[in-house]
Amino acid sequence: MPYVVTENCIKCKHTTCVEVCPTDAFREGPNFLVIDPDACVDCDLCPAECPVEAIFEEDELPAGQEVFIELNAELSQVWPEISTSKAAPDDHEQWNGVEGKLKLLER
C-alpha cells in the first residue's frame, strides 16, 4: 500500500520528508505535498520525517482522511516532483492540527 499525505500538510508543507524518499515520489503544490502512488515503494521512511504527522499508509488512514487517497493520485499527475527540502511557510505553526483545511487546498 502506498503512503498518502493528508489534511494536516495543507498550509504546513514541511518538506523534510522528500529528502528520504528513495524513489522521488513526492510532488509539490502551492500549499500541499502529495505522494505519487505509482512511484511509492512503501519504504516507511517518510512518516517519521513529517513533523506534523500528516503521512499515513493508505490502509491506516485516520477516519475522514480517505478523500486524500484520490487527491494524492490526481495531483501527483500534474504537480512537479520535489526531492530537496525547502523552508516551511512562515505561518506553518498556526496551521498544525487545524481541522477543515481541505477547503484551503490550492491546486
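**Exercise 1.** Divide the lining of the largest pocket into classes.

*Solution.* Start with the rule: Ala, Val, Leu, Ile, Met, Phe, Trp, Tyr, Cys and Pro count as nonpolar, Asp, Glu, Lys and Arg as charged, and the others, Gly among them, as polar. The lining then splits into five nonpolar, five polar and three charged residues. Next, the space: the pocket has a volume of about 190 Å³. Of its 13 lining residues, Thr6, Glu7, Asn8, Gln65 and Gly97 are closest to the centre.

This is a predicted model, where local features need pLDDT of at least 70 and side-chain atom pairs pLDDT 80 or more, while totals for chains, interfaces and linings use all residues. Numbering runs from 1 along each chain as its sequence is written, and side-chain values use heavy atoms, without hydrogens and water.

**Exercise 2.** Classify the ring pair of phenylalanine 32 and tryptophan 79.

*Solution.* Take the cut-offs: rings of Phe, Tyr and Trp (its six-membered ring) pair if their centres lie within 6.5 Å; planes under 30 degrees apart are stacked, over 60 edge-to-face, the rest tilted. The centres of phenylalanine 32 and tryptophan 79 are 6.4 Å apart and the planes stand at 75°, so the pair is edge-to-face. Finally, widen the view: Phe32, Phe68 and Trp79 form one aromatic cluster.

**Exercise 3.** Which residue classes make up the lining of the largest cavity?

*Solution.* By class, twelve are nonpolar, one is polar and one is charged. Cys21, Phe26, Cys40, Cys43 and Cys46 are the closest to the centre among the 14 lining residues. The cavity holds about 80 Å³ of space. Both terms rest on a 1 Å grid over the protein atoms alone: a cavity is a set of points where a 1.4 Å probe fits but cannot get out, and a pocket is an open set with protein on both sides within 12 Å along at least five of seven lines; lining residues have an atom within 4 Å of a point. Points are joined across faces, edges and corners, and a volume is the space filled by probe spheres set on them.
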